Amino acid sequence: SSNVYSGGTVYVSGGSLTMTGGSISNNTASDLSGGGIYVSSDGTATISGGSISSNSAASGGGIYSAGTLTLSDEADVRANTATNGGGIYVSSDGTATISGGCISGNTASSNGGGVYNAGILTMSGGIISSNTASSTGGGMFNEGSLFMYGSAVIGDSSKTECATDTAYSNKATDGGSGIRTTSTVYLGYSDASTKAALTGGVCYNASDGISILCGTVFMDSGSISYNYGRGLYVGSNDGVKYGNFTMSGGEVSGNGSSGTDCGGGIYAGYHGKVKLEGGSISSNTAQNGGGLGLKNCYSSLDMSGGSISSNRATGNGGGIYAEMDTSYTGYIKMSGGSISSNTASSNGGGVHIAYGPFTMSGGEITGNSSSSYGGGICNAGSLAITGGTISANTATTGGGGIAVWGTLKMGEAAYIPAGD
């Protein structure tokens with residue numbers, strides 16, 4: 001046990017540390033970094049076993065790395081505390097590889113309960129679970145580059161029901177209980193240009209599974225599932241920058257609850273952009289926009305593929321709910337993919353447009369239902385249909401295919417069969 005400025009027990013500079021067992025515990029790096037271990041920019045630490053626990057520091061309660069850090073096998077980083085990076089802090093000069101082990105039960109009084117990443121972090125295995133941040137990023141706060149593939153999990157992938165306000169894995173008070181990112185996250189990639197299957201994901205966390213604030217997430221495989229608040233938040237706190245989510249594969253499923261106000265699967269807020277090219281958004285729940293909600297100026301959805309299916313809204317918009325200020329450039333454009341088998345207890349089983357433009361040039365909206373108006377689409381905004389199919393939708397009160405309170409323009413390529 002020790003109390004020093006950096007590297008409470010081990011300070012690695014110009015050398016290497018290999019840890020296969022034993023424990024580093026109850027140490028303090030007062031005011032600075034690396035309560036248990038500090039790795040300088042020319043140092044290397046390889047940890048495949050043993051425990052790093054109950055250490056504390058300002059940054060990186062368990063480990064602070066500006067060099068090369070590798071965690072694998074039975075490595076255990078547990079119950080450490082810091083202002084940022086309760087378990088591990090990877091600096092902007094650092095690279096980290098996690099292929100196994102567990103980062104659990106760590107606490108940050110600000111950001112990154114489990115991990116704070118400002119460098120390059122590649123995670124192909126291991127679990128980041130049951131960590132807490134008093135601000136954002138319960139599992140991880142990312143302002144660098146994060147690549148997830150293989151069996152990597154942030155949260156608990158064994159669950160088959162949504163987390164609740166009392167039962168969850170990672171938690172953050174101000175959002176991003178699984179991940180908060182202000183930079184770039186790649187799900188299903190081993191590097192920025194190489195796709196690699198992700199069988200794990202971001203699962204069973206409190207509030208948002210992933211919160212994107214002026215950052216970008218690319219998703220090609222894996223699961224964002226059973227997170228209590230919603231699957232993803234996409235937005236910005238900056239009048240210039242955007243939050244971006246591009247989905248080409250994988251699933252966003254089982255997220256949200258009847259207490260989620262908008263967007264059980266995905267919520268696109270101020271300056272939030274969503275591109276759906278593939279994958280599925282399914283079985284999510286919210287008051288409005290069970291699958292996806294857009295609510296604020298400059299939020300947008302471009303849908304060219306993928307599916308939005310079997311989502312539920314206790315209010316409006318089982319599949320999609322849109323409330324976009326018409327004075328700004330928010331929109332929905334659908335050129336492909338499908339919106340199917342969604343339900344709304346009020347209006348818009350498939351899609352509800354409260355404000356803003358929706359242009360449909362392809363794809364299909366089918367098999368959706370509402371308990372009031374607009375089984376397929378309930379439109380109080382501006383709807384233009386130049387192509388695609390709207391079929392087999394039902395509404396209890398009226399407008400099985402489309403209910404219109406706003407404006408509707410239809411082209412000859414649009415197909416709405418008899419009976420809708």
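Tyrosine 64 is buried, and tyrosine 89 is buried as well; buried stands for under 20% relative accessible area, exposed for over 50%, and partly exposed for what lies in between, with a 1.4 Å probe and protein chains only. The model is predicted, and local features need pLDDT of at least 70, side-chain atom pairs count only at pLDDT 80 or more, and totals for chains, interfaces and linings use all residues. Residues are numbered from 1 along each chain as its sequence is written, and side-chain values use heavy atoms, with hydrogens and water left out.

Across the whole structure, a search finds 11 aromatic pairs; rings of Phe, Tyr and Trp (its six-membered ring) pair if their centres lie within 6.5 Å, and planes under 30 degrees apart count as stacked, over 60 as edge-to-face and the rest as tilted. Tyrosine 64 and tyrosine 89 form a stacked pair, because their ring centres are 5.2 Å apart and their planes are at 15°. Tyrosine 64 lies in strand 8 (residues 63-65) and tyrosine 89 in strand 12 (residues 88-90), so that the pair links distant parts of the chain, 25 residues apart. Strands are DSSP runs (E, at least two residues) and, like helices (H or I, at least four), are numbered from the N terminus.

Tyrosine 89 also pairs with tyrosine 116: the centres of these rings are 4.6 Å apart and the planes are at 5°, so this pair is stacked. Because tyrosine 89 is in strand 12 and tyrosine 116 in strand 16, the pair ties together parts that are 27 residues apart in sequence. The relative accessibility of tyrosine 89 is 14%, so tyrosine 89 counts as buried; tyrosine 116, at 8%, counts as buried. One aromatic cluster is formed by Tyr11, Tyr38, Tyr64, Tyr89, Tyr116 and Phe141.

The loop between strand 15 (107-108) and strand 16 (115-117) holds asparagine 111, which is buried with a relative accessible area of 14%. Its side chain makes a polar contact with the side chain of serine 135 at 3.3 Å; a polar contact is a pair of N or O atoms within 3.5 Å, where within protein one must be able to donate a hydrogen and the other to accept it, and residues adjacent in sequence count only if both atoms are side-chain atoms. Leaving out residues up to four places away in sequence, asparagine 111 touches Thr83, Asn84, Gly85, Tyr116, Ala133, Ser135, Thr136 and Phe141, contact being heavy atoms within 4.5 Å.

Strand 9 (residues 68-71) has Leu69 and Leu71 on a covered face, and Thr68 and Thr70 on an uncovered one. In a regular strand the side chains alternate between the two faces of the sheet. Strand 9 pairs in the parallel sense with strand 6 (residues 44-53) over 4 bridges, and two strands pair if DSSP finds at least two bridges between them. Within this pairing, leucine 69 is the bridge partner of alanine 45. Strand 9 also runs parallel to strand 13 (residues 95-98), joined by 4 bridges, and here threonine 68 stands opposite threonine 95.

Further along the chain is the main nonpolar core. The largest nonpolar core has 70 residues, of which Phe245 and Phe358 touch the most other members; such a core is a set of buried Ala, Val, Leu, Ile, Met, Phe, Trp, Tyr and Cys residues joined through side-chain atoms within 4.5 Å. Beyond its neighbours within four places in sequence, phenylalanine 245 is in contact with Ile212, Val217, Met219, Leu232, Val234, Ile266, Lys273, Val274 and Lys275. A second, separate core of 7 residues includes Tyr38, Tyr89, Ala118 and Phe141.

Strand 33 (residues 243-247) is mostly covered, with 4 of its 5 residues buried. Strand 30 (residues 216-219) pairs with strand 33 in the parallel sense over 4 bridges, and methionine 219 stands opposite methionine 247. Strand 33 also pairs with strand 36 (residues 272-276), in the parallel sense over 5 bridges, where glycine 243 stands opposite glycine 272.

Lysine 273 lies over the face of tyrosine 242, 4.4 Å from the ring centre; a charge sits over a ring if NZ of Lys or CZ of Arg is within 6 Å of the ring centre and within 35 degrees of the ring normal. In another such arrangement, the charged end of lysine 333 sits over the ring of tyrosine 331, at 4.8 Å from its centre.

An open sheet of 5 strands has the order 38-42-46-50-54 and parallel pairing. Its edge strands, strand 38 (285-286) and strand 54 (394-395), each pair on one side only. Strand 38 pairs with strand 42 (residues 312-313) in the parallel sense over 2 bridges, and arginine 312 is the bridge partner of threonine 285.
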